[in-house]
Amino acid sequence: LPTLLQNIGNSGQEVDAVNGKEADRQCNSDRLEDPSDSAPSRNESIIDIGDLGHGLVGLEPHRLSLVAPTERPTEIGEPCEKSEKSTEVGDELIIDIDRLIAEHIASSSSVSESGSTQPIDLSKVEVSTERSEQAKQEGDADAALAAPASVEIVADVSAPTEAKAQAADVDKTKAPSGRRKAGDKFPLGLARFCASLHVVVGHLYAKGVTPSVYFFGWGFTWVPWFFMLSGFVLFTAHLRRPKQEGILEYVMRRSVSIYPLYAFSLLPAVVMAKFADKVPSISVLVAQSFLVQAWCPSWTEHALQSHCWFLSAMVVYWLLFRPLSRCLQNFNLPATLVSMLALFSLPWLVVLVPTIVDESVTWYKEHSWGETGSWLDLAVVALKFHPGCYLHVFVLGMLLAKLRLLLDARAKVSARPCMYCFPMEFLAPLGYLGLALVFFLPSLQPLAFKLSARLSVLLPFQAAVLLGLAGLPSMPISRVADLASRLNFLENYSYAVYVFQFICYNLWPASGQVSLPLFLLFCVSVAVIMATLVQKHVQNWWGKHPRARIGVPFVLSALLVGVALLPNFEQNPDLPASVQYDARFMDVRVQIADVEGSSEMGRLMNPSFAVQNDQVVIVARRHLMDESRHNGWYNGSAAVVVDQTWHSQILMGSAPLDMEAWNRWPAGGAAPFSAELTPWYWLVNEDRHHWSHLCVQETYDETNNTLLRHVVTGPEDAKIFTYQGNTTVAFSSLPPLGEEGCAAGEQVTQMYIASDVHIEGTADDVGHRLECGETDIPEKNWIPFVHGDELHFIYQPVPHDVVMAHPDGSCKQAYSTNFAPLLRLKRTYPKLVIRGSGQAIFISDTEATPSLPKPHYLAMMHMKENEKSETYAHFAYRFSANPPFNILQVSSQLPLLTAAPMEKAGAAFAFVSGLSVVNRTVAISYGAGDRDSRALVMTLDRLDEFFDMNASGISASLSSI
């Protein structure tokens with residue numbers, strides 16, 4: 001053996017050249033090409049193993065792994081630096097000793113007639129640069145580690161024909177069937193690639209940009225399979241050749257497989273987010289730079305590249321891998337099987353626990369993406385993304401690796417090994433068949449599948465796929481796996497496909513429905529480019545600089561935070577900051593900002609403000625709409641479920657008011673205030689529960705078997721005013737869910753009031769429903785006003801119904817009158833919708849209102865062609881200062897700037913949300929589209945000119961809409 005080692009260490013330059021070539025390939029790639037692409041080389045050294053062979057005949061028929069002499073010890077995944085006097089650093093020499101000995105004995109029985117030993121000429125020994133399959137498979141779910149090349153020396157001794165025949169009998173590389181043995185070369189490249197594509201299609205399906213194919217909606221179930229796959233290949237490698245290294249050392253070595261490409265992808269992602277003004281908070285950016293974004297539920301759904309949360313989970317599993325390995329490596333077959341059965345059962349707890357406590361198994365549906373305002377939200381996010389909720393899947397992969405070796409050991413000593421290899425032929429096909437049945441047959445949809453299938457009740461099928469493709473090491477590879485191995489090169493691109501899918505979607509030129517074949521072709525092409533031009537080089541640098549890579553997360557954090565802190569691009573470049581109509585009249589953007597930073601959670605719209613002494617108090621609505629699609633149920637039958645979610649939240653704040661600037665505002669002066677607004681998190685319902693998880697409006701479309709769910713996450717369209725010296729807010733909202741849920745037919749918008757509001761959030765504010773409205777039809781756009789010490793609301797303009805209300809929500813109808821021009825217009829256009837807007841303000845300035853020289857109330861109304869129309873025409877109107885508060889005048893249409901919606905195609909619109917009058921300056925606040933907070937500012941006398949018309953003129957103006 002020492003002679004053998006010495007000769008291997010002093011082998012010729014051609015072996016060095018082969019090692020160098022293969023190491024170069026390894027250092028620049030996380031996958032090697034097919035070993036057959038490397039031409040064999042010859043070694044001219046001669047090793048006499050005659051006597052040595054007799055001493056080794058009784059050895060186990062395994063390959064002997066020897067590490068070549070090196071100038072310094074290195075780790076797998078570290079840089080490969082060339083040396084003229086040695087093989088590549090860290091290279092591994094794998095010598096088929098059994099075959100060398102057997103062929104030597106077969107050719108000469110180890111001793112010639114003269115009694116001397118027969119040497120083996122290593123010039124006829126094939127040197128194959130096949131990479132260690134164990135190292136090659138020691139990868140992650142989507143990306144294998146860059147592992148050092150190995151040199152495999154297999155003797156090819158010139159001997160008599162009969163000796164060669166005997167040597168062939170002891171060749172262990174192929175099974176009697178003619179197919180190679182499974183070994184540890186896992187043909188998982190095609191499976192990984194297809195799983196990644198299904199995940200991509202699933203995300204597109206959820207966005208509603210693909211056809212409604214039931215199969216598409218199951219893409220999310222493959223992410224847990226990647227966890228299982230990682231545990232399987234890592235533990236297989238550990239059981240074969242355990243390495244002595246620390247936990248952090250192990251994590252850093254493994255990070256070369258995932259972190260470089262992930263970090264690179266964040267750079268274009270943050271630039272795109274900056275242009276869209278959707279950069280996450282600094283805490284989230286820093287967290288994801290260190291791959292910990294999945295550890296805290298309040299970060300996960302807000303991160304850049306949020307679908308890469310699973311990489312954050314992998315870090316946890318790597319930290320736990322060494323302790324877990326020590327626990328599992330000595331398991332016998334019964335312990336392994338029992339443990340696997342327990343882990344297969346674990347995901348069903350998400351079904352059993354709600355059933356036991358008499359809750360709906362689909363309780364998680366109350367959560368909307370990005371919402372973290374309640375314990376339910378945090379629990380759902382944790383179950384979907386937290387590493388602790390998928391640890392059992394990773395451990396299951398490790399147990400599967402242990403089971404594979406235990407079964408293989410039994411197969412070796414079994415008199416009927418076909419009992420073990422025959423089931424392997426069908427295991428992967430049966431696993432895929434089980435998955436296909438679930439993916440294509442709605443009747444087989446598991447209970448609470450959005451959580452249970454994610455955690456995952458499909459683990460038995462996915463484990464069968466993994467074990468069936470891997471096979472038993474000493475048994476023949478299955479036919480399916482043998483065919484799949486021919487496309488193993490696809491594993492080089494599966495990770496890049498996954499990482500860059502949303503970047504590709506953001507770059508995709510078309511909106512709405514995408515051509516799925518073209519998009520997948522585009523996504524795969526980008527992945528190939530990234531893997532070839534970026535991934536190899538970035539991973540190569542990462543491996544060569546073990547110390548410098550420690551600082552990469554800090555540098556990445558600085559880059560991401562630096563981009564986040566850059567001045568924002570103009571949010572609405574299609575809308576001017578201000579428009580000066582004349583010296584008394586202008587349109588201007590309101591100077592308010594979200595204290596939470598970017599518009600990642602939505603844009604501010606529909607502001608309303610009230611002046612209180614030298615302060616202005618402001619409320620606005622933060623709005624973001626998204627649409628997702630998934631498979632579900634309706635009335636006991638499978639259906640496509642489309643969730644149209646309005647992320648809505650009221651924000652409020654106050655700021656000092658520059659009264660001189662306020663008076664000059666209509667003439668184009670500087671803004672009289674600038675305020676930062678805070679979400680109204682301290683708003684609670686009458687049960688003292690946070691104002692979230694509201695009733696959901698559902699509409700079923702039989703023509704395409706689709707259930708449309710309109711989900712609103714919070715209150716909408718607040719109007720702020722002062723009542724009895726206290727700040728009061730009226731707002732509309734869907735009813736909060738009670739313990740009994742929402743009554744049938746009552747999932748409609750209602751009007752609410754909160755009095756004595758704490759702008760700074762020093763105490764809870766309780767919202768009360770205004771009880772005089774109907775509960776089965778939408779109630780919204782009531783106009784509040786104060787007369788004397790009484791609070792009133794205009795319920796609707798036609799007829800002009802006025803109700804008297806109290807802060808506890810109790811109210812009653814007080815007055816009802818008609819305005820003839822509006823009544824005639826309504827009769828002419830019966831589908832015309834006329835509703836109120838903003839607040840009503842008492843006006844007593846005869847000099848500034850010559851067209852109505854007496855005290856009166858000023859209010860706003862809007863009209864639209866029918867209930868489905870999304871465009872509005874706005875008008876000011878005046879009603880009498882005393883009961884019955886009848887309408888006196890209606891203005892011509894107000895010239896508001898309109899804007900198209902952000903999240904969907906639609907006509908441009910504007911919506912008046914507030915009215916404030918101080919010192920003859922009128923500010924009509926409104927939202928342009930769903931994305932810009934603006935105000936129409938004019939003097940009171942300039943507004944009066946909009947009322948200079950007769951009754952017939954009113955009718956003509958209104959009919960123009």
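User: At roughly what angle do the axes of helix H8 and helix H17 cross, and within what distance do they come?

Analyst: A caveat on the source comes before the answer. This is a predicted model, in which local features need pLDDT of at least 70 and side-chain atom pairs count only at pLDDT 80 or more, while totals for chains, interfaces and linings use all residues. Residues are numbered from 1 along each chain as its sequence is written, and side-chain values use heavy atoms, with hydrogens and water left out. The axes of H8 (residues 222-240) and H17 (residues 391-413) cross at roughly 45° and come within 7 Å. Axes are lines fitted to C-alpha atoms, for helices over the stretch in contact, and angles run from 0 to 180 degrees between N-to-C directions. Helices (H or I, at least four residues) and strands (E, at least two) are DSSP runs, numbered from the N terminus.

User: How are H8 and H17 classed by orientation, and what is the hand of the crossing?

Analyst: H8 and H17 are oblique to each other. Angles under 35 degrees count as roughly parallel, over 145 as roughly antiparallel, 65 to 115 as roughly perpendicular and the rest as oblique. Their crossing is right-handed; that term applies if the near helix is turned clockwise from the far one by less than a right angle, and left-handed if anticlockwise.

User: Which residues make that contact?

Analyst: On the H8 side they include Phe227, Met228, Phe232 and Phe235, and on the H17 side Val393, Phe394, Met398 and Arg404. Contact means heavy atoms within 4.5 Å. By class, the contact of H8 with H17 has 14 nonpolar, 4 polar and 3 charged residues. Here Ala, Val, Leu, Ile, Met, Phe, Trp, Tyr, Cys and Pro count as nonpolar, Asp, Glu, Lys and Arg as charged, and the others, Gly among them, as polar.

User: And H11 with H25: what are the angle and the separation of the axes?

Analyst: Helix H11 (residues 282-289) packs on helix H25 (residues 552-565) at about 155°, with the axes 8 Å apart. The two are therefore roughly antiparallel to each other, and H11 passes H25 in a right-handed crossing. Ile282, Leu285, Val286 and Ser289 of H11 make the contact, with partners in H25 including Leu556, Leu560 and Val561.

User: Is Ser925 buried or exposed?

Analyst: Ser925 is buried, with a relative accessible area of 1%. Buried means under 20% relative accessible area, exposed over 50%, and partly exposed in between (1.4 Å probe, protein chains only). Ser925 lies in strand S31 (residues 921-928). Not counting residues up to four places away in sequence, Ser925 touches several residues, among them Pro607, Phe609, Val912 and Arg934.

User: How many residues of strand S27 are buried?

Analyst: In S27 (residues 856-864), 9 of the 9 residues are buried, so the strand is largely enclosed by the rest of the structure. His856, Leu858, Met860, His862 and Lys864 point one way, while Tyr857, Ala859, Met861 and Met863 point the other way. In a regular strand the side chains alternate between the two faces of the sheet.

User: Which strands pair with S27?

Analyst: Strand S26 (residues 833-843) pairs with S27 in the antiparallel sense over 8 bridges, with Val833 opposite Lys864. Strand S28 (residues 873-880) also pairs with S27 in the antiparallel sense over 8 bridges, and Arg878 in S28 is the bridge partner of Leu858.

User: Lastly, what does the secondary structure of the chain come to?

Analyst: The chain has 29 helices and 32 strands. Buried residues make up 55% of its 961 residues.

Methods
Two strands pair if DSSP finds at least two bridges between them.
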